[in-house]
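User: Got a model here I'd like to walk through. Can you take some quick questions on it?
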Amino acid sequence: MAEPVYRPVIGFARLLFAVEGLRFSISGSENVPRTGGAVMVINHISYLDFAYAGLAARPAGRLVRFMAKQEVFDHRISGPLMRGMRHIPVDRESGANSFRAAVAALRDGEIVGVFPEATISRSFELKEFKAGATRMASAAKVPLLPTVRIWTKDHPKRLGRTKVAITISVGEPVEAPRGADAEAATTEVRRRMDALLHEAQRTYPDQPSGEDDRWWLPARLGGSAPTPEVAAKLDEEERLRRAERRERRDGP
């Protein structure tokens, strides 16, 4: 099928990555099916996760249709691009429609990218997973692909030729047969992703050289990233600030 929007966007992104000097290490791409549907389950650590994680499917000649919040599709610039790439909008007030659209894409043989943590992890540890990805895979009779990578949310982004190393790992598919226990399958996917994440952190080529360079390491490894408990508190504070802004904007 022709991809008049998606392929040029990929070309532009790869050029941008080259200009920045980003160094990608992708493992497990052989686990991405060459044909047929699959749910790519991805850890959520930055607003650019979709741009990087999708590269894991390129060696297999596949494109990933990501599920993203409706606001991205409503934006005057990103909206046409997202629709042109046939990504899937997630409307929190109409979740059933998003679920049906994702299942339809999977049954059509697409790979659908899902972030089961829903919000970005500040701790560089996996947060609790929602079971929607597993239910989609079960309904469409397709496998789940555990996928992880490393990045941050609160660390200041550097512009220019950063030469940052980015590790992306895809694990072996997890089957979610129809009628399967969604919670059990979700727990298994999370367990495999946790192992992939720990290995990626252990083998990351740019290990920190000083205290100021330990922002990407979880507290478990002696890094300065917040613990999951502190991260949860920061998430809640951010949620409350956003709710207050919406209340002031919308008025009584």
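User: Which strands and helices do the buried residues of H6 pack against?
Analyst: This is a predicted model, to start with. In it, the buried residues of H6 pack against strands E2 (38-42), E3 (64-69), E5 (111-114) and E6 (144-149). Helices H5 (95-107) and H7 (182-203) are contacted too.

User: How many of the nine residues of H6 are buried?
Analyst: Seven, so helix H6 (residues 132-140) is largely enclosed by the rest of the structure.

User: Which ones are they, in H6?
Analyst: Ala 133, Thr 134, Met 136, Ala 137, Ser 138, Ala 139 and Ala 140.

User: Switching to charge. Which residues form the positive surface patch?
Analyst: Lys 69, Arg 92, Arg 241, Arg 245, Arg 246 and Arg 248.

User: Which helix gives the most to that positive patch?
Analyst: Helix H8 (residues 228-250), with four residues.

User: Take Arg 248. Buried or exposed?
Analyst: Exposed, because its relative accessible area is 61%, and exposed means over 50%. Arg 248 sits in helix H8.

User: New topic: where is Gly 223?
Analyst: In the loop between H7 and H8. Gly 223 counts as buried, because its relative accessibility is 18% and the cut-off is under 20%.

User: What does Gly 223 touch, leaving out residues up to four places away in sequence?
Analyst: Arg 214, Leu 217 and Pro 218.

User: What separates the C-alpha atoms of Gly 223 and Arg 248?
Analyst: 38 Å, with the two residues 25 apart along the chain.

Notes: Residues are numbered from 1 along each chain as its sequence is written. This is a predicted model: local features need pLDDT of at least 70, side-chain atom pairs count only at pLDDT 80 or more; totals for chains, interfaces and linings use all residues. Side-chain values use heavy atoms; hydrogens and water are left out. Patches are made of residues with over 30% relative accessible area and no salt bridge: like charges are joined within 9 Å, nonpolar side chains (Val, Leu, Ile, Met, Phe, Trp, Tyr) within 5 Å. Accessible areas come from the Shrake-Rupley method with a 1.4 Å probe; for residues, only the protein chains shown count as cover. A salt bridge is a side-chain nitrogen of Lys or Arg within 4 Å of a carboxyl oxygen of Asp or Glu. Lys and Arg count as positive and Asp and Glu as negative; His and the chain ends are not counted. The place of a charge is taken as NZ of Lys, CZ of Arg, CG of Asp or CD of Glu. Helices (H or I, at least four residues) and strands (E, at least two) are DSSP runs, numbered from the N terminus. Buried means under 20% relative accessible area, exposed over 50%, partly exposed in between (1.4 Å probe, protein chains only). Contact means heavy atoms within 4.5 Å.
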